[in-house]
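The following paragraphs lead the reader through a structure, passing from a single residue to its wider surroundings. Please keep the sequence and the model in view while reading.

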Amino acid sequence: MTIISSEPVRADLTLWEIGPYHSSLPAPMRLKLRLDGEIIAQCEVETGYLHRGLEKACELHPWRAAIAYMDHLDPEVAIFGELVLCLAVEEIGEIIVPPRAQRIRIILAELSRISAHLVFMVRMAKAVGSETIVHYLLRDRERILDLFELVAGARFSLNFLRFGGVSADITDGFIERVLDVCDLIRIRIKEYNDIFTFNYGFLKRSSFVGKIDPILVKSSGMTGPNARASGISFDVRKDMPYIGYDQFDFEIPLGRGEGGIVGDAHDRFLLRLREITQSMELLKQVSDHVPIGEFQNEKIDKEYIVPPGEAYARIESSRGLLGCHVVSDGSPCPSRIQLRTPSVANLLAIPQFVSGIRIEDLPVVLASLDLGIAEADR
Amino acid sequence: MDKNALVSRLNKIIPGGVLETRRFGRSENTSIWIEAQAVQKIAMALKMDTEMKLDWLENLSVVEFEKVFIVTYFLRSLITRHSLVIRASAVPVSPGSEFLFPSVRNIWPMGLPMEEEAEEMFGIVFSLNNETQFQVKVNRLPENWKGFPLRKDYVFPSQFEDITHSRSFNKSNQKKSSL
């Protein structure tokens, strides 16, 4: 994908090309900047360096293998790729998912969201050169990865969900451990705030920087925390509830511009911090309502072939709306699996709002977008 | 939202533009099948429709079914919260060749990356003014890559530049082995 600024190219500007590999970039991508002194005048974004042919790979393998491939949509938050595929397939096959499996899915999704937001905070800290908090954040994230290992045997590519449920039941004491981790992170958030969130240096680097206008949010199709930080209230969990999110009481945080203005880099940081708190509240509610029973629809085995039909499922991943259009022709392999990933819209918006910012602010602005190039390139 | 009223409104603005309405999936709303040449006019009408205000192209998906390419637009409104699926189909003049299809990136700017991806993977050139220039931008695939990988008749090359491989990508083999 090449996103070019709509303005005509000015010849009096300095040309800077950053990437595809650079320490200030979150993943392989290329930025072509035209600088007026230290101010970015124009920007072009080029991606595609991480294309792995994921959608084609899914078409070449049996249905069950597609779940494992979906792990690689974004390995940091593997559960979201698996979940959106399972939801689409379950709609085509009219598969009933046991309530216990639904609750396990919510627990894993919210743990993944917390984990992803902690990694986002790590990127922000690295962008402003704050090393101390990085170690604290990664230490706490390890506790979540421990939970993934406990339930799925893997820390990243979980390959845990199945059509009609999950691959294994949670073990005794898992829920208690989830609550322990929530309690721990709740205490640690205060620590993060003391050390980092309202640190003078961090505020100076991230406040009033990289403001995204709500009009740009709408025109680029941005969703998720970046859109909500700009005041756009849209969350798939609330607007189009799935896997039983409508049975729980939770709020959707919106940007308030506490450190600077609504929609700036610091607001995006704060919003994710609030989303961590919100996810922990949600986990607490869900953990009280995990029914006893089956964790997998017994009629669905590993040889299950999806009947002919199509469906479109959407979920709220840690970065925004993740959509999946699945088509089955009744054969053992998918006919088509198409993905709509939130990072594509975030990339589309970059040339529009980085114009006018200083070059030294660019790493902070890019980190504040939480770009997932793996999911954008597929 | 009354789908029949919407279809009649569209038929008034673009006579013959709407072909039929069909159910999409099991839980999604009805899909409206439209004439490929009327895509831009209908897209504009849906965006400007006072009742629907479909200001957001949530997703654009291309599916090949029996050599027919079906382009599906998943539309949504952030104002009215309505959603709609519209679909149009096209057939390439000859197998393996690129073909033109109306672009909606001037109506929904977020459609640009989705159209670019479909261009590269399916060889559908999304055009604003029925330009006859076939220039598929290459971003994901290597520069000299031949063919459109997501087409059903695509054959994986056994060699690309100096790289060779012997792995079979025959889907029919996969089917047999999984059965």
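This is a predicted model: local features need pLDDT of at least 70, side-chain atom pairs count only at pLDDT 80 or more; totals for chains, interfaces and linings use all residues.

Leaving aside residues up to four places away in sequence, A88(A) touches A311(A), Y312(A), A313(A), C324(A) and V326(A).

A88(A) also belongs to the largest nonpolar core, which has 153 residues. Together with L83(A), V84(A), L85(A), V326(A), I42(B) and L75(B), A88(A) touches the most other members of that core. Helix α4 of chain A, residues 99-127, contributes the largest share of this core, with 15 residues. In soluble globular proteins, nonpolar side chains tend to be buried together.

Within chain A, a pair of helices may be considered next. The axes of α6(A), residues 174-197, and α11(A), residues 265-287, come within 10 Å and cross at roughly 160°. Because angles over 145 degrees count as roughly antiparallel, α6(A) is roughly antiparallel to α11(A). Their crossing is left-handed. Residues of α6(A) that make the contact include I175(A), L179(A) and I189(A), while those of α11(A) include L273(A), I276(A) and L283(A). The residues of this contact comprise ten nonpolar, three polar and two charged.

Finally, the two chains meet in a contact that takes 38 residues from chain A and 31 residues from chain B. On the side of chain B that touches chain A, at least two residues each are supplied by β3 (56-65), β4 (68-76), α3 (112-122) and α4 (171-178) of chain B. The largest share of that side, six residues, is provided by β3(B). By class, the side of chain B that touches chain A holds 13 nonpolar, eight polar and ten charged residues.

Terms used
Residues are numbered from 1 along each chain as its sequence is written. Chains are lettered from A and ligands numbered from 1 in the order in which they are written. Two residues are in contact if their C-beta atoms, placed from the backbone, lie within 7 Å. Helices (H or I, at least four residues) and strands (E, at least two) are DSSP runs, numbered from the N terminus. Ala, Val, Leu, Ile, Met, Phe, Trp, Tyr, Cys and Pro count as nonpolar, Asp, Glu, Lys and Arg as charged, and the others, Gly among them, as polar. Axes are lines fitted to C-alpha atoms, for helices over the stretch in contact, and angles run from 0 to 180 degrees between N-to-C directions. Angles under 35 degrees count as roughly parallel, over 145 as roughly antiparallel, 65 to 115 as roughly perpendicular and the rest as oblique. A crossing is left-handed if the near helix is turned anticlockwise from the far one by less than a right angle, and right-handed if clockwise. A nonpolar core is a set of buried Ala, Val, Leu, Ile, Met, Phe, Trp, Tyr and Cys residues joined through C-beta atoms within 7 Å. A residue is buried if 20 or more other C-beta atoms lie within 10 Å of its own, exposed if 12 or fewer, and partly exposed in between; C-beta atoms are placed from the backbone.
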